[in-house]
Amino acid sequence: MPQASLSFSFLLFLLAPFIISVHAAPAQSKTSPVIRQIHIQGNKITRHEVVKLYLGIDTGMVYDSTQLMQGEKRLEKTGLFSKVDLFSLVQHDTARVYVILVEKFYLYPGIGGEWYNYKYGRFDPWWRLRFGLDNTNFRGKMELLKTSFSIWDWKSVGLSWNKPILPSPFFFGMGASLDLYPDEIREVNYIDVTGRIIAGRRVLSSSKCAVGVIPTFRRRVTQGYDTLINNEITRTLIPLEPDTARIYEAFAALSWVTDQRENNYDPSRGWYFYSDLRTNGLYPGKFSPYTQFCSDFRFYAPGLFNDNKFACRFTTLFRNTDAGYNHAVQLGGE
């Protein structure tokens, strides 16, 4: 027994340094891979910095597959791309991310028109043809640029620009328009100059709300007529001197829009809703203050056959009081 104990003690003495070194050595931690490169392809118009902003990752960051999945969803929700694919290649402590994009078509033309039966209170059909072009990704920064103009008896030109404050849901915008047109009922010609400054934010994925200030100027030229009686049978209308009025107002407006259409140009399914609450109480000029609410609801559905569709439009306009001669409401519209 004493000899066996001595042999075991001697064995422990020989193995002690190895045992101590094993227990003292720290556990080796596995190094997390770091994103070294991000390759973005397919964005011919959209800026690289916009894509990376919504992607939410950059070189030098620790690779996280969950962050990549969230970034892919954010890119899809922008509405800029018809397809978003993300791939990653991880080797040891290095990760490479590949973003493959397919952009949508960002230019949407617009054309329409109205036919009016009466002009200056008499049956005298006249036309207004409207044209426009919307760029939903102006400068590749998700900015919205709208241009519009009309010809024939109603002439107009307009320009508006909306800029998102990325990556927040907020945006601001401004615009102006010039219109020259006759009145349907009275012997009046109008020249309207309208401006708009707005600020708002996106709500959910397909809605926006905004507040704005709308200064307006109207030059109203009234051409009156008097009756000249030559005898008991013949009566002749002679023009009087034009009466020119210059009118200044400023409106405060609150608007809401929800767009659930499959596309903005010639949709076949979905719906669209717009509402606008405004008042000229901000600066009524020579007129009494009033408040007005208007809305526009449009619904689209496939028709009975492949080459047709069903479209429905419902508009409303309500006022709390008579808005006077300068803001008459007439039956009908676009």
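At the start of helix 3, the backbone nitrogen of Thr66 has a side-chain oxygen of Asp64 within 3.0 Å. This is a polar contact, that is, a pair of N or O atoms within 3.5 Å; within protein, one atom must be able to donate a hydrogen and the other to accept it, and residues adjacent in sequence count only if both atoms are side-chain atoms. The model is a predicted one, in which local features need pLDDT of at least 70 and side-chain atom pairs count only at pLDDT 80 or more, while totals for chains, interfaces and linings use all residues. Residues are numbered from 1 along each chain as its sequence is written, and side-chain values use heavy atoms, with hydrogens and water left out.

For orientation, the chain holds 3 helices and 16 strands. These elements are DSSP runs numbered from the N terminus (helices: H or I, at least four residues; strands: E, at least two). Of the 334 residues in the chain, 29% are buried; here buried means under 20% relative accessible area, exposed means over 50%, and partly exposed is in between, with a 1.4 Å probe and protein chains only. Among contacts between residues at least 6 apart in sequence, 48% join residues at least 24 apart, a contact being heavy atoms within 4.5 Å.

An α-helix has 3.6 residues a turn, so residues three or four places apart point the same way. Just after the helix, Gly79 takes a positive phi of about 80 degrees.

Helix 2 and helix 3 meet at an angle of about 125 degrees, with their axes 7 Å apart. Axes are lines fitted to C-alpha atoms, for helices over the stretch in contact, and angles run from 0 to 180 degrees between N-to-C directions. The two helices are therefore oblique to each other, since angles under 35 degrees count as roughly parallel, over 145 as roughly antiparallel, 65 to 115 as roughly perpendicular and the rest as oblique. Helix 2 contributes Val51, Tyr54 and Leu55 to the contact, and helix 3 contributes Gln67, Gly71, Arg74 and Leu75.

Most residues other than glycine have a negative phi, and most peptide bonds are trans. Tyr120, in the loop between strand 4 (107-119) and strand 5 (122-138), has a positive phi near 60 degrees. Met142, in the loop between strand 5 and strand 6 (143-152), likewise is not a glycine and has a positive phi of about 65 degrees. Met142 is buried, with a relative accessible area of 16%. A cis peptide bond, with omega about 0 degrees, joins Leu166 and Pro167; Pro167 lies in the loop between strand 7 (155-164) and strand 8.

Among the strand residues, Asp134 of strand 5 is partly exposed at 24% relative accessible area. Its C-alpha lies 10.0 Å from that of Trp161, 27 residues away in sequence. Ala176, in strand 8 (residues 170-182), is also partly exposed, at 45% relative accessibility. Beyond neighbours within four places in sequence, Ala176 is in contact with Val157, Gly158, Leu159, Thr194 and Gly195.

Further along, Arg278 of strand 14 (residues 270-283) is joined to Asp276 by a side-chain polar contact of 2.9 Å. With neighbours within four places left aside, the contacts of Arg278 include Arg196, Phe251 and Tyr290. Finally, Asn326, in the segment after strand 16 (309-319), counts as buried at 5% relative accessibility. Not counting residues up to four places away, Asn326 touches Arg218, Arg220, Ile247, Glu249 and Phe287.
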